[in-house]
Amino acid sequence: DVKEDDMVVEIDPGIAFGTGSHETTKLCIGQLKKYLKAGDTVFDVGSGSGILSIISVMLGAGFVHGMDIDEVAVRASIENREVNNISEDKLALTCGNLLAGDDAASKMAFDVNKGEKYDIVVANILADVIIPLSGVIEPFLKEDGYFITSGIIDMKEEAVKEALLSNGFEIIDVVHMNDWVSIIAK
């Protein structure tokens, strides 16, 4: 039942995560609607089916980079990008792992060595990945940029907050949906 001003996204996740119906995805979409400004650059870490990357473009992002450690997920994302008629210069999708020390920076669409950074980093993964990620994501995020996290089960909320704070982030927003939490930091 689509209303006139609804945004329609076509997603076939294949075996990648991300149909759009999970609470953590809904939490991230709500935060992107709240914090993303037209023309912003977005880095979607653990992009899965590409749903948050695609929605970021549809919400007006100037450029989005989706990265996943799973080659199958990246292929699904590329297919979903094409189905939604989004060009590669608007949405780059790569396979990489920021936590593996595999020089993921070289896989970035931006040259972080030249100081190019993102306005928003969104990570809808798992608390156990967000905790170490909060220690390595800073070089990719602008000084006043937003780090939107979700995929956090409520019993891990405090551990994620502690990791963010100990890595120099300031927590500016926390949103709950059922057993899931989204934490937004700067």
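Visitor: Let me begin with a loop. In which loop does Asn85 lie?

Guide: Please keep in mind that this is a predicted model. Asn85 sits in the loop between H3 and strand S3 (91-95).

Visitor: What is the phi of Asn85?

Guide: The general idea comes before the case. Most residues other than glycine have a negative phi. Here, Asn85 has a positive phi of about 55 degrees, although it is not a glycine. Asn85 counts as exposed because its relative accessibility is 72%.

Visitor: Where is Asn178 found, and what is its phi?

Guide: Asn178 is in the loop between strand S6 (171-177) and strand S7 (180-185). Its phi is near 50 degrees, a positive value in a residue other than glycine. With a relative accessible area of 62%, Asn178 is exposed.

Visitor: Let me step back to the fold. How many helices and strands are there in the protein?

Guide: The protein has five helices and seven strands. If you trace the elements from the N terminus, they run α-β-α-β-α-β-β-α-β-α-β-β.

Visitor: And what share of the residues is buried?

Guide: Buried residues account for 48% of the 186 residues in the protein. To sort single residues, you need the cut-offs: buried means under 20% relative accessible area and exposed means over 50%, with partly exposed in between. Ala92, in strand S3, has a relative accessible area of 15%, so it is buried.

Visitor: Now for charges. How many salt bridges does the structure hold?

Guide: The general idea is that side chains of opposite charge can pair when their charged atoms come close. This structure holds six salt bridges. In one of them, the side chains of Lys37 and Asp40 meet at 3.7 Å, N to O. Asp40 counts as buried because its relative accessibility is 6%.

Visitor: Which residue forms a salt bridge with Asp119?

Guide: The partner of Asp119 is Lys142, and the closest N and O atoms are 2.9 Å apart. Asp119 is in strand S4 and Lys142 in strand S5 (residues 141-153), so this pair ties together parts that are 23 residues apart in sequence. As for cover, Asp119 counts as buried at 16% relative accessibility, whereas Lys142 is partly exposed, with a relative accessible area of 32%.

Visitor: What about Asp128: with which residue does its side chain meet in a salt bridge?

Guide: The side chain of Asp128 meets that of Lys156, at 2.9 Å, N to O. This pair links distant parts of the chain, 28 residues apart: Asp128 is in helix H4 (residues 127-133), and Lys156 is in the loop between S5 and helix H5 (157-166). Asp128 is exposed, with a relative accessible area of 52%, while Lys156 is partly exposed at 26%.

Visitor: Which residues gather in a patch of negative charge on the surface?

Guide: Look for Glu79, Glu82, Glu88 and Asp89, which form that negative patch on the surface. You can find Glu79 in helix H3 (residues 71-83).

Definitions and conventions: Residues numbered from 1 in each chain as written. Predicted model: local features only at pLDDT ≥ 70, side-chain atom pairs only at ≥ 80, totals over all residues. Heavy atoms only, no water. Patch = residues over 30% accessible without salt bridge, like charges linked within 9 Å, V, L, I, M, F, W, Y side chains within 5 Å. Areas by Shrake-Rupley, 256 points an atom, 1.4 Å probe, with all protein chains shown as cover. Salt bridge = Lys/Arg side-chain N within 4 Å of Asp/Glu carboxyl O. Lys, Arg positive; Asp, Glu negative; His and termini not counted. Charge placed at Lys NZ, Arg CZ, Asp CG, Glu CD. Helix = DSSP H or I, 4+ residues; strand = E, 2+ residues; numbered from the N terminus. Buried < 20%, exposed > 50% of the residue type's maximum accessible area, 1.4 Å probe, protein only.
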